[in-house]
Amino acid sequence: MGRHKQPEIRDRILDACVDHALTHGLPHRLEPFVTASGTSARMLIYHFGSRDALLRETLGRARRRQRDFFGELVVPRPGEPYPSTLRRAWQVMTGPSGRPYLTMFGRLREDAEQQLWPDFRRESTTDWLQPLEDGMRSVGRPELATLVLAVVRGLIMDIETTGDVPRADRAFDDFLAALVLVSDKTPAEPPEDR
């Protein structure tokens with residue numbers, strides 16, 4: 001009689017691997033995950049099938065954590081102007097609790113081959129549009145969600161490249177000030193199709 005896989009053990013192992021990857025990045029070999037999860041390479045393969053399958057599941061779970069965490073940050077709050085919500089979200093996302101996600105997924109975005117998650121670049125853009133659209137709807141301008149996302153992503157890439165957080169913070173504050181002005185105006189007519 002063969003041994004049955006125990007989902008709670010697999011789940012605990014995966015959480016340990018995600019915690020490790022967020023702190024240290026994805027490993028090239030299994031040994032760091034072995035140490036982090038307190039198990040053996042053989043057990044990792046038993047539960048996940050292969051190193052790449054474990055890495056994909058690690059990325060998937062880390063991404064779900066990020067979407068839950070960041071998604072909650074951009075939800076409109078009663079009585080709070082949405083630009084203030086965005087400012088607080090920006091501070092958390094680029095602060096110590098958000099940086100591990102930005103670092104991990106920034107590296108994945110830069111991976112030219114995208115072997116572990118071929119559609120990551122598209123998904124990492126489109127999955128933020130709806131929450132931002134909902135937030136911008138609270139100020140009557142849901143169509144500006146794409147602009148907000150572009151500014152956030154661009155400034156995050158700037159921080160990853162230069163490390164100049166104060167400059168990026170000032171730029172985000174300037175963007176929010178402009179957003180307040182734009183939000184107070186009636187939306188412009190969309191351009192005609194070309």
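A contact means that heavy atoms lie within 4.5 Å. By that rule Phe172 touches Leu86, Arg87, Trp90, Val151, Val152 and Leu155, leaving out residues up to four places away in sequence. This is a predicted model, in which local features need pLDDT of at least 70 and side-chain atom pairs count only at pLDDT 80 or more, while totals for chains, interfaces and linings use all residues. Residues are numbered from 1 along each chain as its sequence is written, and side-chain values use heavy atoms, with hydrogens and water left out.

The chain has 9 helices and 0 strands (DSSP runs numbered from the N terminus: H or I of at least four residues for helices, E of at least two for strands). Of its 194 residues, 39% are buried, meaning under 20% relative accessible area with a 1.4 Å probe, protein chains only.

Phe172 also belongs to the largest nonpolar core, which has 48 residues; Leu86, Phe105, Leu132 and Phe172 touch the most other members. Helix H8 gives the most to this core, with 8 residues. Such a core is a set of buried Ala, Val, Leu, Ile, Met, Phe, Trp, Tyr and Cys residues joined through side-chain atoms within 4.5 Å.

The structure also holds 1 cavity of 30 Å³ or more (on a 1 Å grid over the protein atoms alone, a set of points where a 1.4 Å probe fits but cannot get out; lining residues have an atom within 4 Å of a point). Of the 20 lining residues, Phe70, Trp128, Val152, Arg153 and Ile156 are the closest to its centre. Helices H4, H5, H6, H7 and H8 each supply at least two residues of the lining.

How values were computed. On a 1 Å grid over the protein atoms alone, a cavity is a set of points where a 1.4 Å probe fits but cannot get out, and a pocket is an open set with protein on both sides within 12 Å along at least five of seven lines; lining residues have an atom within 4 Å of a point. Grid points are joined across faces, edges and corners, and a volume is the space filled by probe spheres set on the points. Buried means under 20% relative accessible area, exposed over 50%, partly exposed in between (1.4 Å probe, protein chains only).
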